[in-house]
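Colleague: Could you take me through this model before I look at it in detail?
Modeller: Gladly; here it is.

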Amino acid sequence: MDSLTSICEALFPPLDPPSKLDHHQPINNTIKSFYRSSGSQKPIPSEVSGVMKDRGLPEAVLLVDDNSHNAAWEAIDYEPDTTTTHNKANNQGRPLEIGIIETLYETPSTLFQSLTNKGLDVREDPKDNLYKIKCDVVIVGSGCGGGVAAAILAAVGQKVVVLEKGNYYTAPDYSSLEGPTMNELMEKGGMIPTTDGAVMLLAGSTVGGGTAVNWSAALNTPDPVLKSGLRNKG
Ligand SMILES: Cc1cc2nc3c(=O)[nH]c(=O)nc-3n(C[C@H](O)[C@H](O)[C@H](O)COP(=O)(O)OP(=O)(O)OC[C@H]3O[C@@H](n4cnc5c(N)ncnc54)[C@H](O)[C@@H]3O)c2cc1C
């Protein structure tokens with residue numbers, strides 16, 4: 001209900017009344033109240049929810065139900081694989097495993113050894129309570145910008161360390177559900193509004209950056225859809 005109230009307010013926001021109207025007509029309290037009313041005021045959100053419930057098709061209104069099931073999946077012949085869960089022990093198909101250290105799974109006592117095991121020259125600095133890593137280049141962010149730069153520099157013999165604040169996921173780690181996946185792959189779960197709320201920013205935050213998310217966000221058109229005659233319509 002809170003989300004719906006926010007949407008109602010976004011569509012019909014309250015406005016500051018002008019100091020005077022055309023023809024210099026004075027602003028009285030009724031006009032002020034008209035300007036200041038908004039879509040979030042009672043009973044508008046509850047009336048909107050009533051209309052959605054009574055007149056909207058459930059498939060159009062409820063994108064995802066309480067069990068994270070999307071009613072549209074059946075229509076497009078899509079079945080998410082929800083059987084696999086995050087399993088770090090399964091290293092199959094984790095191509096970056098050889099060079100990656102996931103601090104999520106490290107403790108202060110294991111980190112030093114893990115860094116050294118990856119062939120890095122690490123010195124402990126007890127005075128400042130940190131580790132110093134010797135390398136030629138530090139790259140912040142592992143998207144196509146940072147990732148390609150790292151690969152080119154490493155190929156010519158530079159010792160490169162890439163710092164990535166997002167976690168490392170491969171196909172078996174995903175639940176195939178949109179909600180949890182947004183939290184795993186996107187900065188702030190994909191919801192970063194500008195301070196005035198006018199623009200939403202969408203930025204990937206995972207190993208591989210936004211590039212890992214957006215490189216090919218397309219599904220093959222399911223056969224039943226093609227057979228329904230879409231193919232003949234171009
Ligand atoms: C919805 C969407 C669809 C897109 N579709 C396409 C498409 O079809 N084709 C196409 O070519 N492009 C597409 N793009 C654009 C493309 O994803 C970006 O241009 C590209 O990912 C930018 O690469 P990048 O390396 O500059 O940054 P990013 O890929 O954004 O990577 C930045 C990385 O840096 C990390 N990071 C940031 N700050 C820090 C920090 N302080 N410490 C450590 N790590 C940090 C982030 O976690 C992130 O992983 C799309 C983008 C979006 C949002």
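Colleague: Which helices supply at least two residues of the shell around the ligand?
Modeller: Helix H7 (144-155) and helix H9 (209-214) each do so, where helices are DSSP runs of H or I with at least four residues and strands are E runs with at least two, numbered from the N terminus. H9 gives the largest share of that shell, four residues. This is a predicted model, in which local features need pLDDT of at least 70 and side-chain atom pairs count only at pLDDT 80 or more, while totals for chains, interfaces and linings use all residues. Residues are numbered from 1 along each chain as its sequence is written.

Colleague: And which residues come nearest the ligand?
Modeller: Of the 20 residues around the ligand, Gly-141, Gly-143, Gly-145, Gly-209 and Asn-214 come nearest, a residue being near if its C-beta atom, placed from the backbone, lies within 6 Å.

Colleague: Switching topic, where does Leu-202 lie?
Modeller: Leu-202 is in the loop between strand S6 (200-201) and H9.

Colleague: Why does Leu-202 count as partly exposed?
Modeller: Leu-202 is classed that way because 14 other C-beta atoms lie within 10 Å; with C-beta atoms placed from the backbone, 20 or more such neighbours make a residue buried, 12 or fewer make it exposed, and anything in between is partly exposed.

Colleague: What is Leu-202 in contact with, leaving aside its neighbours within four places in sequence?
Modeller: On that basis Leu-202 is in contact with Met-186 and Gly-190, contact being C-beta atoms, placed from the backbone, within 7 Å of each other.

Colleague: Which residues make up the largest nonpolar core?
Modeller: That core has five residues, Leu-185, Met-186, Val-207, Ala-212 and Val-213, a nonpolar core being a set of buried Ala, Val, Leu, Ile, Met, Phe, Trp, Tyr and Cys residues joined through C-beta atoms within 7 Å. Setting aside neighbours within four places in sequence, Ala-212 is in contact with Gly-204, Thr-206 and Val-207.

Colleague: How much of the chain counts as buried?
Modeller: Of its 234 residues, 8% count as buried, and the chain has 10 helices and six strands.

Colleague: Last one: what is the mean pLDDT of the chain?
Modeller: The mean is 83, and 84% of the residues reach 70 or more, pLDDT being the predictor's confidence in each residue, from 0 to 100.

Terms used:
Contact = placed C-beta atoms within 7 Å.
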